[in-house]
Amino acid sequence: MLPDVARDAGIIGAGGAGFPTHVKVGTPVENIIVNGAECEPLMSGDQWLMENRAGEMLAGVSAVACEFEAKLKKRPRVVIGIKKKYKKAIEVIGSAISGSNMEVLELPNIYPSGDEQFLVYEATGKIVPEGGIPPMVNSLVMNVGTLVQLNDALGGAPVTERTVTLGGAVANPCVTSLPIGTSFAEIIPQLGPLVDDYVILVNGPMMGRITEDLSEVTTKTMGGLFVLPKRHSHVRRMRRPIATEIKLSKSVCEVCRYCTDFCPRFLQGHSLEPHKIMRVINYDRDLDTKTITSAQLCCECGACDLWACPMSLSPRVIFREFKKKLNEAGIKNTHNNTEPKIDPQRKFRGIPTERLTARLGLTEYDIRPPFRDNPWNVTSVKILLNQHVGAPSIPIVEAGERVAKNQQIAKIPDKKLGAIYHASITGMVTKTDSNSITIEKQ
Ligand code: SF4
Ligand code: SF4
């Protein structure tokens, strides 16, 4: 059974969310949508996979389609959404699927075309309900990297590496495959940083985060690392403290509603109107209002702050803070309209990715890096046990034990949602605790 294969291989959504794949492929739906949009600026790992491992990706999605067909007694529709700009990937995949019942959907070069709710609408014309997920409209969205991993799993290989884009202000940018748990300290010097005073952007500039901690490690959901000068405007923007965000908002929000006009959730008919929430927050209203609780519908895409707001305010960051407060206060989402209506302006409000990259001041790093396939010579890995959605995994190895690459080292707690982990290098376990397992190469 495919869910067992996915669970035993430790597959979780490679697109960033980290939801365990065995649960996703255990729920049959009529529409399988492959996410090849890669809409975050600077990323090109999925593009490389679609051009170079298309056969494996298609075998992965075929396996899911067969699994669903057996349960539904009906062949599901398979739509492969690829960014229009990825001409070679469209050509490679288009010719590989010719004569099959799969189809390629060319997606506009806009942000956030990789948002799964955006993709569901583009592929099926159905709108995911407020606070809902794609299976509620008979759809499943899977990232190209996850499907390649699923194919590897069918051949007996668990997830121990992932394809990442490494770039920014470095001499040797590349797309490459890295063992899970590799420390940034082992990666960044090999890229040749071009600035002394730098930070690392983890994942893309829209939904990623900034760190200076070189002891951090790669995970199954990490798609890219980018070296940026510490003084870069985007870095300073992303590091603005929440107290400053709120003060700025109270001082200069002009309730112009541009944040709402570009909000992808508002544009698909959800009752999320960022400008109204900002107004309520700016006047220190109570938490439990219909307007503030609509912040729970925010997917934190960043379109409001990093593109729309003329005052450089950050509704997204403020909403994140308020979502935490709502959660702590036990206030649940009360917005669950199951029949939202698309805003007629939606088709005009996509954010052109190249313009967005320029707005972020990142055009100079927007390149297509070559693939690096020479080994990284990783000396140790620290495998985090909470890379997925669900309960942290439990180590099944102890310090002092020798492990081989691909060997299972952590299990899912009984009756919990979770993921299995495997050794990504051969070596000696030097430390285990409830958060991680460290393996030194020997
Ligand atoms: S776009 Fe900016 S200034 Fe305008 S309403 Fe939204 S947060 Fe306020
Ligand atoms: S981050 Fe902003 S634009 Fe994106 S969903 Fe949330 S409120 Fe809407």
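Colleague: What do the values rest on?
Modeller: In this predicted model, local features need pLDDT of at least 70, side-chain atom pairs count only at pLDDT 80 or more, and totals for chains, interfaces and linings use all residues. Side-chain values use heavy atoms, without hydrogens and water, and residues are numbered from 1 along each chain.

Colleague: Where do domain 1 and domain 3 lie in the chain?
Modeller: Domain 1 covers 2-154 and domain 3 covers 242-349. The bounds come from an automatic or database domain assignment.

Colleague: How do you know that domain 1 and domain 3 are in contact?
Modeller: Contact means heavy atoms within 4.5 Å. By that rule, 12 residues of domain 1 touch 17 residues of domain 3. The domain centres, taken over C-alpha atoms, are 29 Å apart.

Colleague: How much area do domain 1 and domain 3 bury?
Modeller: About 1200 Å², with 52% on carbon and sulfur atoms. Buried area is the accessible area (1.4 Å probe) that two parts lose on being put together, summed over both.

Colleague: Why is the pair E122 and R346 called a salt bridge?
Modeller: The definition asks for a side-chain nitrogen of Lys or Arg within 4 Å of a carboxyl oxygen of Asp or Glu. E122 and R346 meet at 2.9 Å, N to O, so the pair qualifies. Two salt bridges are counted between domain 1 and domain 3.

Colleague: Which helix gives the largest share of domain 1's side?
Modeller: Helix α6 (residues 116-124), with four residues. Helices are DSSP runs (H or I, at least four residues), numbered from the N terminus.

Methods:
Chains are lettered from A and ligands numbered from 1 in the order in which they are written. Helices (H or I, at least four residues) and strands (E, at least two) are DSSP runs, numbered from the N terminus.
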